[in-house]
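I opened my notebook to record what I looked up in this structure, one topic at a time. I wanted to begin with the whole chain and then work down to single residues.

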Amino acid sequence: MKVEIKVPAMGESITEATVGEILKPTGSTVAMDDEILELETDKVNQVLYAPQGGVVEISVNTEDVVTIGQVIGFINTAAASQKAETPPKESSSKSEEQAAEPQVSSKATKSEPLPESGDSARITREDYVKEISSPKSTSKPDTETKVDQPLQSVPAPKVASDNRETRKKMSRLREIISSKLVEVKQQTAMLTTFNEVDLSSIMSLRKKYQDKFVKENDVKLGFMSFFIKASVAALKEFPAINGYIDGNDIVYRHYYDISVAVGTDKGLVVPVVRECDKRSFANIEQEILSLATKARKGGLTVDDLQGGGFTITNGGVYGSLLSTPILNPPQSAILGMHSIQKRPVVVNDEIVIRPMMYLALSYDHRIVDGKEAVSFLVHIKNSLEDPARLLLGI
């Protein structure tokens with residue numbers, strides 16, 4: 001019996017996918033739920049699993065574009081049982097092995113002289129083995145006197161052009177990322193405003209409560225939960241930044257789902273931490289860890305990536321000191337975190353050394369005015385420099 005292999009539904013907005021790596025080519029025997037191939041979409045890469053055990057028959061190739069519901073192969077369950085019933089062929093029989101080996105007389109096992117047949121006659125079995133194991137030199141000794149020849153210039157070796165460049169087709173995910181980035185630059189009025197934040201208070205809190213936090217919640221207290229909570233507080237004060245443009249309308253979100261950018265081997269993905277206004281610091285850190293692990297293992301679903309209203313990206317983990325992040329459409333703003341560096345700053349008319357971070361807020365000027373963007377970033381700065389504000393809601 002043949003069982004169809006179909007392209008599964010992968011989200012409301014996804015209608016097609018590209019065949020990525022084929023993990024089980026035609027003829028492979030698989031068990032139920034074995035990984036067969038990867039499907040690349042504009043959101044995530046999704047693995048297709050075997051619906052039944054049997055022998056795989058794939059009717060598509062890598063980089064083929066397929067649609068949702070399309071039959072791309074079969075699982076032949078009958079062929080698998082036939083393979084199991086067929087006994088494996090034995091290797092060559094002992095008689096064939098013996099026939100292939102040279103026969104040596106039992107008398108020759110002793111070091112007795114063999115009949116001579118000229119000057120090159122073999123004397124003993126050991127001589128024979130020695131002779132066949134050492135190759136004869138076919139070159140004649142050069143007895144002629146060599147005449148010195150004038151040196152000639154040797155041309156530089158040519159470098160093969162194939163070794164200087166490597167051409168590789170973009171993955172479907174990389175194509176979509178490239179297209180979206182260009183689209184954002186062309187279709188939005190994107191601007192970026194900057195500020196800096198003193199993280200002394202947050203670092204002090206983390207140092208003071210880290211051990212107890214880890215013991216009770218089985219996750220570290222990171223910086224991202226503070227930034228998410230500060231962003232939620234600022235979004236409540238400036239609702240336009242939590243909105244988006246739909247045709248001639250502005251849609252304001254009344255929920256606080258924050259997208260967190262995660263770098264993977266296959267590109268940047270932005271899973272969503274939902275209802276951040278209702279989550280505790282520990283719950284936010286646990287969710288971020290879970291989503292990041294799924295992203296790096298290729299286990300994110302479309303639902304994990306849809307619906308975010310505001311994005312936070314941390315280029316500081318790669319050493320970035322300052323950057324201008326690009327919007328994540330259809331969102332209207334994105335917050336960029338950067339490296340923490342100790343710098344001299346003036347506090348109460350005194351120069352002190354503090355751990356400072358530059359913040360960058362990119363926003364769509366069509367929906368967000370400059371005053372709102374600057375005030376939003378200042379609100380985040382104030383919340384981070386005095387974390388008690390986050391607890392008191394001020």
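The entries below go from the overall chain to its sheet, its core, its surface and some backbone details.

**Entry 1: the whole chain.** I noted before anything else that this is a predicted model. I looked up the secondary structure and found nine helices and 19 strands in the protein chain. I then asked what share of the 394 residues counts as buried, and the value is 35%. For the contacts in the chain with a separation of 6 or more, I found that 62% are between residues 24 or more positions apart.

**Entry 2: a sheet of four strands.** I followed an open sheet in which the strands come in the order E1-E8-E6-E3, with antiparallel pairing. Strand E1 (2-6) and strand E3 (29-30) each have a single partner strand, so one side of each is left without a neighbour in the sheet.

**Entry 3: the core.** Which residues touch the most other members of the largest nonpolar core? This core has 70 residues, and the ones I was looking for are Phe-227, Ile-228, Phe-310, Ile-312 and Phe-376. Helix H6 (residues 224-237) gives the largest share of this core, with eight residues. I then listed the contacts of Phe-376, leaving aside its neighbours within four places in sequence, and found among them Ser-231, Ala-234, Leu-235, Phe-238 and Phe-310.

Entry 4: Not counting residues up to four places away in sequence, Lys-229 touches Cys-276, Asp-277, Arg-279, Phe-281, Ile-284 and Leu-390. I also looked up the separation of the C-alpha atoms of Lys-229 and Lys-278, which is 9.9 Å, although these residues are 49 residues apart along the chain.

**Entry 5: a surface patch.** I found a nonpolar patch on the surface, formed by Phe-194, Leu-321 and Leu-322, with about 260 Å² of accessible area together. Leu-321 has its place in the loop between E16 and E17, and at 37% relative accessibility it counts as partly exposed.

**Entry 6: backbone details.** I looked up a cis peptide bond, which joins Pro-329 and Pro-330 with omega at about 5 degrees, and I placed Pro-330 in the loop between strand E16 (310-314) and strand E17 (333-337). I then turned to positive phi values in residues other than glycine, and noted Glu-275, with phi near 50 degrees, and Asn-348, with phi near 55 degrees. Glu-275 is found in the loop between strand E15 (272-273) and helix H7 (281-296), and with a relative accessible area of 42% Glu-275 is partly exposed. Asn-348 is found in the loop between strand E18 (340-347) and strand E19 (350-364), and because exposed means over 50%, Asn-348 counts as exposed with its relative accessible area of 72%.

Conventions. Residues are numbered from 1 along each chain as its sequence is written. This is a predicted model: local features need pLDDT of at least 70, side-chain atom pairs count only at pLDDT 80 or more; totals for chains, interfaces and linings use all residues. Side-chain values use heavy atoms; hydrogens and water are left out. Helices (H or I, at least four residues) and strands (E, at least two) are DSSP runs, numbered from the N terminus. Buried means under 20% relative accessible area, exposed over 50%, partly exposed in between (1.4 Å probe, protein chains only). Contact means heavy atoms within 4.5 Å. Patches are made of residues with over 30% relative accessible area and no salt bridge: like charges are joined within 9 Å, nonpolar side chains (Val, Leu, Ile, Met, Phe, Trp, Tyr) within 5 Å. Accessible areas come from the Shrake-Rupley method with a 1.4 Å probe; for residues, only the protein chains shown count as cover. A salt bridge is a side-chain nitrogen of Lys or Arg within 4 Å of a carboxyl oxygen of Asp or Glu. Two strands pair if DSSP finds at least two bridges between them. A nonpolar core is a set of buried Ala, Val, Leu, Ile, Met, Phe, Trp, Tyr and Cys residues joined through side-chain atoms within 4.5 Å.
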